[in-house]
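Reader: I have not looked at this one before. Can we go through it piece by piece?

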Amino acid sequence: MGQLFRAVWLCLRNGMLLGDLLLRVLIHGRESPLRRFRAVLHTWLGAYCALSLQGRGVTHIHVHHGYFASWVAMAAARLLGINFSMTLHGSDLLLHAAYLDTKLKHCNFCITISEFNRQYILDHYPDVDPAKIAVFRMGVEAVSRAIPTSRVAPERFVMLAAGRLHAVKDHAFLICACMILKERGLEFLCIIAGEGPQRAALERLICDLRLSGNVRLLGHCSGAELDDLYSTSDVVVLTSRSEGIPLVLMEAMVRGKVVLAPGITGIPELVLDGKTGFLYRPGSLDDFVVKVEMIRHSQSNLLPIRCAARQHVEEHFNQKKNVAAFVDCFLNRLNRRVECEPNENPVLQQI
């Protein structure tokens with residue numbers, strides 16, 4: 001509590017230093033009163049963070065998403081006289097971009113995970129220097145095991161969806177598609193792995209559509225359990241309304257599974273339609289159902305796509321290579337600032 005009070009005093013004592021940030025919060029923009037109030041609290045937390053980091057030799061702050069913590073980091077960096085940077089993924093850019101104009105203006109650099117995201121930033125924030133925005137994709141570990149053969153004439157076609165039960169993941173869309181597939185006579189089982197606030201609503205929908213025998217909500221699954229689910233599925237589906245580039249698709253593809261996802265955001269950079277997987281028109285139940293039926297009837301001919309999927313992930317979404325590239329970029333950007341200001345950051349000069 002004492003440090004929280006000291007943080008208030010730090011904000012008051014450095015009002016001029018934080019002035020442009022507070023003017024953006026209180027006067028400019030179209031944010032709601034509640035959002036503005038929260039941003040003031042986050043500025044206070046930034047001061048608290050600055051006090052916590054003071055005297056520890058910290059010369060740069062990086063935040064791995066664009067939500068409220070990036071505002072906290074920006075305020076803390078301002079008070080400490082250092083730089084900050086951030087990574088933008090999906091919803092933090094596309095759905096909940098509160099004060100992102102200010103964060104992009106004042107960050108030293110910004111990492112994002114797809115070419116789609118980078119272009120979105122440049123299109124929607126034209127004042128941002130393009131040189132500040134770098135693309136480094138996420139990734140998964142390579143899998144050494146052989147690609148399993150597709151199940152020959154399985155008793156039931158198995159679809160797997162893995163993800164948090166949240167409205168943005170739109171599992172209701174998937175359940176409605178299952179109703180259509182059932183009406184068309186397809187013998188299938190749809191497994192949804194994940195937990196979240198939408199569970200009760202999805203359970204009611206499954207009951208109302210009489211799909212209890214076709215759709216199962218498994219709740220949270222461990223990594224080992226998910227690995228077993230991947231191995232027993234015929235297709236891994238994603239029905240989100242907004243995404244970055246989903247790890248679940250990478251995990252499925254590196255295991256040689258067929259994937260079906262909406263053609264939104266950065267997903268087409270991972271799922272090349274008809275080459276490394278399949279895309280459906282966003283929001284189109286009919287197109288989704290048609291693609292599922294096509295995959296069902298073409299299972300024995302999809303080995304080339306499954307092999308191409310694994311190769312594409314191993315080349316472009318390899319966790320080890322992408323993390324190394326991110327670290328190189330990160331240190332190069334910091335060192336670039338040291339060369340410009342040789343006396344300001346003695347710790348960075350040692351890197």
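Reader: Which are the buried residues of helix 11?
Author: This is a predicted model, so what follows describes a prediction. In helix 11 the buried residues are Val 248, Leu 249, Met 250, Ala 252, Met 253 and Val 254. The helix covers residues 247–254 and is mostly covered, with six of its eight residues buried.

Reader: What do the buried residues of helix 11 pack against?
Author: They pack against strand 5, helix 10 (223–232), strand 8, strand 9, helix 12 and helix 14 (303–316).

Reader: And what follows helix 11?
Author: Gly 256 follows, with a positive phi near 75°.

Reader: Where is Arg 145, then?
Author: Arg 145 sits in the loop between strand 4 and strand 5. Its relative accessible area is 44%, so Arg 145 counts as partly exposed.

Reader: What is Arg 145 in contact with, leaving aside neighbours within four places in sequence?
Author: Asp 227, Arg 255 and Arg 310.

Reader: Back to strand 5. How many of its residues are buried?
Author: Six of the six residues in strand 5 (residues 157–162) are buried, so the strand is mostly covered in the sense of the under 20% cut-off for relative accessible area.

Reader: Which way do the residues of strand 5 point?
Author: Phe 157, Met 159 and Ala 161 point one way, while Val 158, Leu 160 and Ala 162 point the other way. Residues on both sides are buried.

Reader: Which strands does strand 5 pair with?
Author: Strand 5 pairs with strand 6 (residues 188–193) in the parallel sense, over six bridges. One of these places Ala 162 with Ala 193 as its bridge partner in strand 6. Strand 5 also pairs in the parallel sense with strand 8 (residues 235–237), over two bridges. There, Val 235 in strand 8 is the bridge partner of Met 159.

Reader: What kind of unit do strand 5, helix 8 and strand 6 make?
Author: A right-handed β-α-β unit, in which helix 8 spans residues 171–183.

Reader: Different topic. How many cavities of 30 Å³ or more are there?
Author: The count comes to one. The space in the largest cavity is about 60 Å³.

Reader: What lines the largest cavity?
Author: The lining is made by Ala 161, Ala 162, Gly 163, Lys 169, His 171, Leu 174, Val 237, Leu 238, Thr 239, Ser 240 and Val 248. Strand 5 and helix 8 are the elements that give two or more residues to that lining. Val 248, from the lining, is also one of the buried residues of helix 11.

Reader: What about the open sheet: in which order do its strands come?
Author: The order is 1-2-3-4, with four strands and parallel pairing. Strand 1 (60–63) and strand 4 (133–135) are at the edges and each has a single partner strand, so one side of each has no neighbour in the sheet. On average, and ignoring direction, neighbouring strands of this sheet are turned by 20° against each other.

Reader: How many bridges join strand 3 and strand 4?
Author: Three, in the parallel sense, with strand 3 covering residues 109–112. Cys 110 stands opposite Ile 133 in strand 4.

Reader: Which strands does helix 7 lie across?
Author: Helix 7 (residues 115–124) lies across strand 2 (83–88), strand 3 and strand 4, and runs at about 165° to strand 4. Asn 117 is in helix 7. Asn 117 has 0% relative accessibility, so it counts as buried. Leaving aside neighbours within four places in sequence, Asn 117 is in contact with Leu 88, His 89, Gly 90, Leu 93, Leu 94 and Thr 112.

Reader: Last topic. What is the phi of Arg 210, and of Thr 265?
Author: Most residues other than glycine have a negative phi. Arg 210 has a positive phi of about 55°, and Thr 265 has a positive phi of about 45°.

Reader: Are those two buried or exposed?
Author: Arg 210 is exposed, with a relative accessible area of 69%, and lies in the loop between helix 9 (199–208) and strand 7 (215–219). Thr 265 counts as buried at 16% relative accessibility, and its place is the loop between strand 9 (259–262) and helix 12 (267–270).

Note on methods:
Residues are numbered from 1 along each chain as its sequence is written. This is a predicted model: local features need pLDDT of at least 70, side-chain atom pairs count only at pLDDT 80 or more; totals for chains, interfaces and linings use all residues. Side-chain values use heavy atoms; hydrogens and water are left out. Two strands pair if DSSP finds at least two bridges between them. Axes are lines fitted to C-alpha atoms, for helices over the stretch in contact, and angles run from 0 to 180 degrees between N-to-C directions. Contact means heavy atoms within 4.5 Å. Buried means under 20% relative accessible area, exposed over 50%, partly exposed in between (1.4 Å probe, protein chains only). A crossover is right-handed if, with the strands pointing away from the viewer, the path from the first strand over the helix to the second runs clockwise. On a 1 Å grid over the protein atoms alone, a cavity is a set of points where a 1.4 Å probe fits but cannot get out, and a pocket is an open set with protein on both sides within 12 Å along at least five of seven lines; lining residues have an atom within 4 Å of a point. Grid points are joined across faces, edges and corners, and a volume is the space filled by probe spheres set on the points.
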